[in-house]
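Me: Could you take a close look at the aromatic ring pairs here, and at how they connect parts of the chain that are distant in sequence? Please give the cut-offs as you go.

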Amino acid sequence: TPLYDRFIAERKTDPAKAAATGKEFLSKCSAWAGQEEAIKYVTAQVPRLEKTAEEKRQKETIYDPYYASIPAKDWAKAFSLGKTVVNLNPDDVDHALVLAQVGFDLSIANPPVDTYNSDTINMAKLALQKIEQGKTSGSGEWGNFRGYTLKTAECADGKTNSTGWMNYIIGNIMYSRMNQKKEALPYLYKATQVGCQTKDRIANVYRNIGNYYVDEFVRIEKEKNAAYDVVLKTDKAAPEFAAAEKTYLDLVALQKGYMERVMDAFARAYRAAVNAKEPATFQNAQLNRAKEFYGFRFGKTPTVSFDSWLSGVNAKPFADPTTAVTPIVEAEPTTAPTAMTAAADTSSSANGETRPRTAATNGKTAATTTAKPAATTKTPAKAPAKKPAPKKKGT
């Protein structure tokens with residue numbers, strides 16, 4: 001009787017204690033003749049109380065501090081607890097989207113914070129995996145908290161916009177912060193093919209790909225010049241001359257292929273910068289790089305003017321940077337290579353790589369419909385009519 005009385009009192013105020021008391025009651029009193037109703041009630045309530053106690057524990061030790069960490073910019077706590085929240089909500093994509101965006105913002109901060117780059121990439125990849133599996137946004141906003149939602153007025157399809165941004169976040173951090181440029185290319189390219197803002201509002205996605213091509217162009221330029229030196233030093237009558245000349249001309253043809261990819265990427269970067277209303281200095285930096293390589297490719301008097309070519313760039317598919325560059329073979333004499341040097345790209349974007357700062361449409365600071373534990377313990381719907389009492393002799 002004392003155990004049962006304590007169980008009845010604790011179940012309303014402390015579900016964890018009530019569950020423990022209920023288990024003790026059942027271990028000692030499960031064979032108590034005449035008290036079947038009470039035993040049945042406690043048996044049914046113990047697992048419910050354990051669930052309520054665990055939800056209460058999660059709310060107080062995980063969810064509440066996690067939801068407070070984002071507005072407070074306590075990023076260490078946000079990632080530490082956020083990863084647990086993600087694991088507790090396997091069918092929801094919102095929390096992974098939030099952590100990926102938080103980590104991305106830190107990676108492009110001034111100065112950049114690289115502490116969470118690996119976690120950020122993992123969260124972005126997990127979000128993409130969930131989306132591919134058909135998981136959706138519990139909040140309906142594709143993210144939560146103010147400023148961390150990817151369903152916007154401009155991009156009402158939050159799923160598609162999230163897909164573009166997660167690919168871009170992975171690619172940009174790998175390219176710009178981890179120096180994994182070649183590995184970043186598939187993600188950067190996917191961001192240009194799927195999404196909303198990343199397709200035509202984020203100049204940096206095209207600029208990164210363009211800069212990768214520039215690096216390859218510079219590498220080939222050195223090899224080409226070295227190959228030409230071999231041609232100069234080889235007697236034309238010697239059997240080795242034909243092979244030396246072929247090596248040089250092959251590099252010339254390959255470099256022309258890279259020229260066309262560079263100018264195409266920067267032309268698209270320029271278009272995206274215009275669409276995003278970037279500062280004129282940034283727009284012009286992208287345009288001038290495209291013009292520079294158009295001049296390398298076609299000389300000072302091209303058959304088609306640069307402006308005419310530029311107007312048709314976006315009508316053509318954007319080349320996948322993971323595919324091999326096709327050499328452009330043209331008949332030409334073996335002449336001294338023209339010096340072509342590409343200056344480093346030092347242009348900076350005011351908003352070309354930042355996310356949209358759009359509040360959740362429901363106006364809540366932390367909008368979510370995921371499995372956030374309830375704040376209070378529910379009282380059982382039905383209790384036994386009366387508590388069991390020990391039967392006395394003579395009654």
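**Aromatic pairs between helices**

Reply: Phenylalanine 104 and tyrosine 168 are both buried, where buried means under 20% relative accessible area, exposed over 50% and partly exposed in between, with a 1.4 Å probe and protein chains only. The model is predicted, so local features need pLDDT of at least 70 and side-chain atom pairs count only at pLDDT 80 or more, whereas totals for chains, interfaces and linings use all residues. Residues are numbered from 1 along each chain as its sequence is written, and side-chain values use heavy atoms, with hydrogens and water left out.

The structure holds 23 aromatic pairs. One of them joins phenylalanine 104 and tyrosine 168 edge-to-face, at 5.8 Å centre to centre and 65 degrees between the planes. This pair links distant parts of the chain, since phenylalanine 104 belongs to helix α5 (residues 94-107) and tyrosine 168 to helix α7 (residues 158-177), 64 residues apart. Rings of Phe, Tyr and Trp (its six-membered ring) pair if their centres lie within 6.5 Å, and planes under 30 degrees apart count as stacked, over 60 as edge-to-face and the rest as tilted. Helices (H or I, at least four residues) and strands (E, at least two) are DSSP runs, numbered from the N terminus.

Tyrosine 213 and tyrosine 258 form a pair that is edge-to-face because their ring centres are 6.1 Å apart and their planes at 65 degrees. Tyrosine 213 lies in helix α10 (residues 203-233) and tyrosine 258 in helix α11 (residues 240-275), so this pair ties together parts 45 residues apart in sequence. Tyrosine 213 counts as buried at 1% relative accessibility, as does tyrosine 258 at 10%.

Elsewhere, ring pairs link Tyr4, Phe7, Phe25 and Tyr41 into a cluster.
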